[in-house]
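Subject: Structure for you to look at

Hello,

Here is the structure I promised to pass on. Please open it alongside this note, and I will go through what turned up.

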Amino acid sequence: MREALKDALVDILRAGTQKGRIWGEEDSPPDDRPSVVLIVGVNGTGKTTSVAKLAQAYREDGESVVVAAADTFRAAAIEQLKSWGDVVGADVIAHKQGADPGAVVFDAMSAAESRNADVVLIDTAGRLHTKFNLMEELGKIRRVIERKLPEGPDEVMLVLDATTGQNALVQAKAFAEVVPITALCLTKLDGTSKGGIVFAVSDQLQIPVRFIGTGEQPEDLTPFDAGEFVDALFQ
Ligand SMILES: Nc1nc2c(ncn2[C@@H]2O[C@H](COP(=O)(O)OP(=O)(O)OP(=O)(O)O)[C@@H](O)[C@H]2O)c(=O)[nH]1
Ligand SMILES: [Mg+2]
């Protein structure tokens, strides 16, 4: 019974694994242009830290990274990202606080093209999924990306805080209406939360978890393994 239950849970977590052009099953990142990853989520889930962690992982693979500081809203967000850029060795493209995030994204994509970078990671402002204007702004960012890249970003990663419980499902549904989410990053799994909410999200929205965050340092990011995750739940 136990093994059958585990298998069933793993199957749920493997839903949607074909999604995305970089981390999907076929794993075919574009080779004629930089990959584009848009990172979204509500306030404080760990977006900026996860951008830094991803940048670090790409750098370790010998790839060059451009980061777009498209959170022009929160005070100190740009400085936070710039200092991560220094730590992990990524170029951060930023405008002033209050600037149009779409313009930052456009510039970052242009810079990545001219520098022949391997990947552009776009850090966006935290936004409440219930606030219409903020969600609209995200739609605008998506349209700016599509102006340069008609097929849209290669991955749209929604960052979920594992400790938020059922609300994560509500967040995922609201974001998915504005941007096509292709990947989940589940953060703060180093705390007491077991992250059981990902079963509901994977099952109802067919979005695969790609990464888990287990701390505040750049190396605290692990590719998600459904089998290991389910085993850990049963321990
Ligand atoms: N323990 C732990 N803390 C994390 C993890 N990821 C992020 N944090 C912490 O969570 C806090 C918020 O992280 P940020 O990366 O600034 O979150 P954000 O989503 O960018 O926040 P906003 O831009 O304000 O919406 C920071 O104190 C991070 O160090 C994680 O995996 N584990
Ligand atoms: Mg942030």
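This is a predicted model: local features need pLDDT of at least 70, side-chain atom pairs count only at pLDDT 80 or more; totals for chains, interfaces and linings use all residues.

Residues are numbered from 1 along each chain as its sequence is written, with chains lettered from A and ligands numbered from 1 in the order in which they are written.

Overall shape: the protein chain has eight helices and eight strands, which are DSSP runs (H or I of at least four residues for helices, E of at least two for strands) numbered from the N terminus. Its C-alpha atoms fill a box of roughly 55 × 40 × 35 Å along the principal axes.

Now the inside. Nonpolar side chains tend to be buried together in soluble globular proteins. Here the largest nonpolar core has 70 residues, and Val67, Val120 and Leu121 have the most contacts inside it. (Such a core is a set of buried Ala, Val, Leu, Ile, Met, Phe, Trp, Tyr and Cys residues joined through C-beta atoms within 7 Å.) Strand 2 (residues 65-70) gives this core its largest share, six residues. Leaving aside residues up to four places away in sequence, Val67 touches Val51, Ala55, Leu81, Gly85, Ala90, Asp91, Val92, Leu121 and Asp123; contact means backbone-placed C-beta atoms within 7 Å.

Helix 7 (residues 197-205) has Ile197, Val198, Val201 and Ser202 buried. These four are on the same side of helix 7, because they cover an arc of only 130 degrees around the axis, judged by the directions from the helix axis to the C-beta atoms. The buried residues of helix 7 pack against helix 1 (2-13), helix 6 (167-176), strand 6 (183-187) and strand 7 (209-213). After helix 7 comes Gln206, with a positive phi near 55 degrees.

Finally, the ligand. Around ligand 1 there are 21 residues, the closest being Gly46, Thr48, Thr49, Gly126 and Gly213; a residue is near a molecule if its backbone-placed C-beta atom lies within 6 Å of it. Helix 2 (residues 47-60) gives the most to this shell, three residues.

Best wishes

How values were computed. A residue is buried if 20 or more other C-beta atoms lie within 10 Å of its own, exposed if 12 or fewer, and partly exposed in between; C-beta atoms are placed from the backbone. Two residues are in contact if their C-beta atoms, placed from the backbone, lie within 7 Å.
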